[in-house]
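Subject: Structure handover

Hello,

Here is the structure I said I would pass on. My notes on it follow below the model.

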Amino acid sequence: MGHYGYYGYYFDPTYMLVLIGAVLCLYAQMRVNSTYSKYAKVRSRTGMTGAQAAQKILGMSGIFDVRIEHVGGRLTDHYDPAHKVLRLSDAVYGSTSIAAIGVAAHECGHAVQHQREYGPLKIRSALVPAANIGSRAGIPLIILGAVLGMNQMLIQIGIWVFALAVLFQVVTLPVEFNASGRALAMLGDYGMMERDEVSGCRKVLHAAALTYVAAAASAILQLLRLVLLFGRRDND
């Protein structure tokens with residue numbers, strides 16, 4: 001009964017792990033917002049919109065079966081491998097900025113990964129159902145196990161299920177970094193941007209990648225907290 005955090009009567013030092021994760025995510029979000037806003041004001045010398053740049057990249061990459069669609073929201077851009085659709089947000093689709101073209105090129109990088117059967121992308125796609133279950137059911141199972149007299153079977157199942165969501169976040173990292181690398185290479189190789197413009201795109205994409213690093217770190221810290229917290233309780 002004397003352990004910190006036991007039944008919430010004492011300060012739980014493992015909350016620091018959650019706070020660290022939250023700070024990392026907040027910093028990453030601030031960084032991507034400020035970097036994107038800066039380069040969203042810099043127009044590309046070609047005058048191409050994000051949608052036009054995506055169409056050109058896909059064509060020069062030999063991809064002709066991927067549709068480009070306009071989707072609402074800010075930075076909601078994504079590639080849908082199941083339907084072969086590249087969706088570009090309001091801030092990207094019709095914008096001629098360096099930031100918009102960089103984001104569009106990044107999503108094209110995912111389309112190229114899909115076409116060339118990039119291993120980590122296939123693993124991430126296979127993990128989607130398990131990750132969805134893990135993110136929704138992991139914590140509730142742990143709470144249920146605690147409510148039912150510290151039922152260790154339920155708690156352990158909850159931790160393992162939550163770990164699947166964490167694994168998804170980790171596998172996402174090489175997928176996102178690789179897509180950005182492909183994007184920057186294609187923008188330069190296809191003669192769509194000058195060197196200084198590619199440098200601007202690199203800063204935008206690196207800032208965006210930081211959000212994935214922060215999300216993965218936060219998920220790992222949360223998993224570590226659950227293991228420490230309930231591992232400690234096992235010993236009571």
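A contact here means heavy atoms within 4.5 Å. Counting the contacts in the protein with a separation of 6 or more, 71% are between residues 24 or more positions apart. Please keep in mind that this is a predicted model.

Overall layout

The protein has seven helices and three strands. Read from the N terminus on, the order of elements is α-α-β-β-β-α-α-α-α-α. Taken along the principal axes, the C-alpha atoms fill a box of roughly 70 × 35 × 25 Å. The protein has 236 residues, and 42% of them count as buried.

Helix α4 and its two partners

Helix α4 covers residues 98-115, and helix α6 covers residues 152-189. Their axes come within 7 Å and cross at roughly 115 degrees. Angles of 65 to 115 degrees count as roughly perpendicular, and α4 and α6 are therefore roughly perpendicular to each other. The crossing in which α4 passes α6 is right-handed. On the α4 side, the contact is made by I101, A105, H106, C108, G109, H110, V112 and Q113. On the α6 side, the residues are V175, E176, N178, A179, S180, R182, A183, M186 and L187. Sorted by class, this contact of α4 with α6 has nine nonpolar, six polar and two charged residues.

The other partner is helix α2, residues 50-60. The axes of α2 and α4 come within 8 Å and cross at roughly 35 degrees. This crossing of α2 and α4 is also right-handed. From α2, the residues G50, A53, A54, I57 and L58 take part, and they meet A100, I101, A104, A105, C108 and A111 of α4. By class, the contact of α2 with α4 has ten nonpolar residues, one polar residue and no charged residues.

S97 sits in the loop between α3 (90-93) and α4. Is S97 buried or exposed? Its relative accessibility is 0%, so S97 counts as buried. The side chain of S97 reaches the backbone nitrogen of A100 at 3.0 Å. Apart from neighbours within four places in sequence, S97 is in contact with Y39, A40, V42, R43 and S44.

D80 belongs to strand β2, residues 78-80. The cut-off for buried is under 20% relative accessible area, and D80, at 13% relative accessibility, therefore counts as buried. What does the side chain of D80 make a polar contact with? The partner is the side chain of H83, at 2.8 Å. If residues up to four places away in sequence are not counted, D80 touches V85 and R87.

K84 is in the loop between β2 and β3 (85-88). The phi angle of K84 is near 55 degrees, a positive value in a residue other than glycine. At 31% relative accessibility, K84 counts as partly exposed.

E117 lies in the loop between α4 and α5 (119-147). Phi of E117 is likewise near 55 degrees, again a positive value in a residue other than glycine. The relative accessible area of E117 is 55%, so this residue is exposed.

L221 is part of helix α7, residues 195-234. With a relative accessible area of 17%, L221 is buried. How far apart are L221 and I20 in sequence and in space? They are 201 residues apart in sequence and 8.1 Å apart in space, C-alpha to C-alpha. Leaving aside neighbours within four places in sequence, L221 is in contact with L17, I20 and G21.

Regards

Methods. Residues numbered from 1 in each chain as written. Predicted model: local features only at pLDDT ≥ 70, side-chain atom pairs only at ≥ 80, totals over all residues. Heavy atoms only, no water. Axes fitted to C-alpha atoms, helices over the stretch in contact; angles between N-to-C directions. Helix = DSSP H or I, 4+ residues; strand = E, 2+ residues; numbered from the N terminus. Parallel < 35°, antiparallel > 145°, perpendicular 65-115°, else oblique. Left-handed = near helix turned anticlockwise from the far one by under 90°. Nonpolar A, V, L, I, M, F, W, Y, C, P; charged D, E, K, R; others polar. Buried < 20%, exposed > 50% of the residue type's maximum accessible area, 1.4 Å probe, protein only. Polar contact = N/O pair within 3.5 Å; in protein donor to acceptor, adjacent residues only side chain to side chain.
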